[in-house]
Amino acid sequence: MTDRLDRWADPPLLVLASLAGEPKHGYAIIQDVAQTMGVRLSAGTLYAVISRLESRGLIEPLESEDRRRPYRITAAGAQALSEQSQRMQQVAGLARTRLKTQFGGAGA
Amino acid sequence: MSAPPTPRPGAPWAGAVACASLRLYPAAWRARYQDEVRALLEDSGADLRTIASLAGQAIRARIWPSRHLYDPPARMRASLATVAVAWTVLAGLAAVFASFTQTQPALQQNLTGPRHLVIQWSFWVFDGAVGASLLAVAAGGLPLWLLMLRRARRQHRPREIAWLLAPAVVPAVYLGAASVTLSLARHGTAPIQPPFAHATPSFIDLGNDNVGPWWLMVAGFAAGLMAAAGPGLALHRLRPGGPGVTRAARAAGLAVAAMGLAGAASIVAAAGLHAWGAAPYRQGWPFAACLLLFLAAIAVAGASAARGIRAARPPAAA
């Protein structure tokens, strides 16, 4: 059951979080998300997300290196990522508090 | 910035299929991302999950294209080309329905009287809806057709002119060839039998001289599709834009809606004929075959017309 919660990972958020560190091209994003967040993005999902984020101005393409075009997060993307991570932090804090109340130290 | 990775080998067939699946994406998407995804597939390799993901997202990209890749005039042109072909199939089915029912007076006797108002009303709705659909096609299609013809002539593009003339030339050739063939056959030993004129339960009888309605019908559908494909190809090559395309996209929506109504009326009429009509109307499979073809054509036409109408909407104010 716990493993299945991985499916709730939001790919746009994962991509934004990956690009928050430095600009990356597609394969580097997939590797970074897999290594640091434990989620394996497929090529179709990744480029669907890149297309959506780009159309909303949350990421932007840089000059292409060979055919591997890197992307970087924009100011609007950083703002969106910041707001979303704050909301997630609130949810995580609430979950920890309630788990501690209900189950003591075991759940927290 | 990350360095280019060392290529990872994957199953060659999976990589080839994954690259081929990129063809499922819209042209605008491919122009923007295809090279990058190919490079990614070379780096990461591909497996069944990659192929399924690319194919699934291609459908999504077609239904909900990204805003920055969305080209309303191109969407309307693609929609018009698809609707033209699907509408032609629907018009062909309407002609088949009319020729098998309304133009068979011997089989209509005592059928459309007071006892069978359902059939009579269905015929009226069918006639009205087909007429409205034709008017919508004329109102939206003719101005755009003339616009493209003028442009093709001005730019000296004979191939596009030939495609644009296909809706006039191909049906004329078909009708001429059909009438000559039938008149020659009538001089044979046995007359051509119209559909349903036999009292036999099966009418897959190509007439007594191996000439009958079925090959004419199939040839008619083929001619109709060729005629409809011509302006679609011209739309693709000439790339017209502006209010003419917008008006045509909206008219295409009306034409498809009217043809859908005509199809519904013909289904009601066919059910009535099955219940109260002469023996040939009690065969189920011709009705089922036409129904399946109608449903497929109306689904394609409806979806494509809806996308065209959506693209024809004025952009939302910022």
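This is a predicted model: local features need pLDDT of at least 70, side-chain atom pairs count only at pLDDT 80 or more; totals for chains, interfaces and linings use all residues.
Biologist: What is the confidence for chain A?

Modeller: pLDDT is the predictor's confidence in each residue, from 0 to 100. Chain A averages 87, and 88% of its residues score at least 70.

Biologist: What makes up the fold of chain B?

Modeller: Helices (H or I, at least four residues) and strands (E, at least two) are DSSP runs, numbered from the N terminus. On that basis chain B has 10 helices and zero strands.

Biologist: How do you know that chain B touches chain A?

Modeller: Two residues are in contact if their C-beta atoms, placed from the backbone, lie within 7 Å. By that test, 26 residues of chain B are in contact with 24 residues of chain A. Helix H2 (27–44) and helix H3 (48–63) of chain B each give two or more residues to the side of chain B that touches chain A. The largest share, 10 residues, comes from H2(B).

Biologist: Which residues of H2(B) are called buried, and what do they pack against?

Modeller: A residue is buried if 20 or more other C-beta atoms lie within 10 Å of its own, exposed if 12 or fewer, and partly exposed in between; C-beta atoms are placed from the backbone. The buried residues of H2(B) include B:Trp29, B:Arg32, B:Tyr33 and B:Glu36. The buried residues of this helix pack against helix H2 (26–37) and helix H3 (43–55) of chain A, together with helix H1 (12–21) and H3 of chain B.

Biologist: Why does the end-to-end distance of H2(B) agree with its length?

Modeller: The expected span of a helix is 1.5 Å times one less than its number of residues. The 18 residues of H2(B) should therefore span 26 Å, and its end C-alpha atoms are 24 Å apart, which agrees.

Biologist: Where does H2(B) bend?

Modeller: The bend at a residue is the angle between axes fitted to the seven residues ending there and the seven starting there. For H2(B) this angle is about 55° at B:Tyr33. In H6(B), a kink of about 30° lies at B:Gly141, shortly before the proline B:Pro143.

Biologist: Why is B:His156 called exposed?

Modeller: B:His156 has 8 C-beta neighbours inside 10 Å, so this residue counts as exposed. B:His156 is found in the loop between H6 and H7 of chain B, and its phi is positive, about 55°, although it is not a glycine.

Biologist: Why is B:Arg239 called partly exposed?

Modeller: B:Arg239 has 13 C-beta neighbours inside 10 Å, so this residue counts as partly exposed. Its place is in the loop between H8 and H9 of chain B.

Biologist: What makes a nonpolar core, and how many residues has the largest?

Modeller: A nonpolar core is a set of buried Ala, Val, Leu, Ile, Met, Phe, Trp, Tyr and Cys residues joined through C-beta atoms within 7 Å. The largest has 57 residues, and B:Trp87 is among those with the most contacts inside it. The largest share of this core, 16 residues, comes from H4(B). A second, separate core of 35 residues includes A:Leu14, A:Val33, B:Ala58 and B:Ala61.

Definitions and conventions: Residues are numbered from 1 along each chain as its sequence is written. Chains are lettered from A and ligands numbered from 1 in the order in which they are written.
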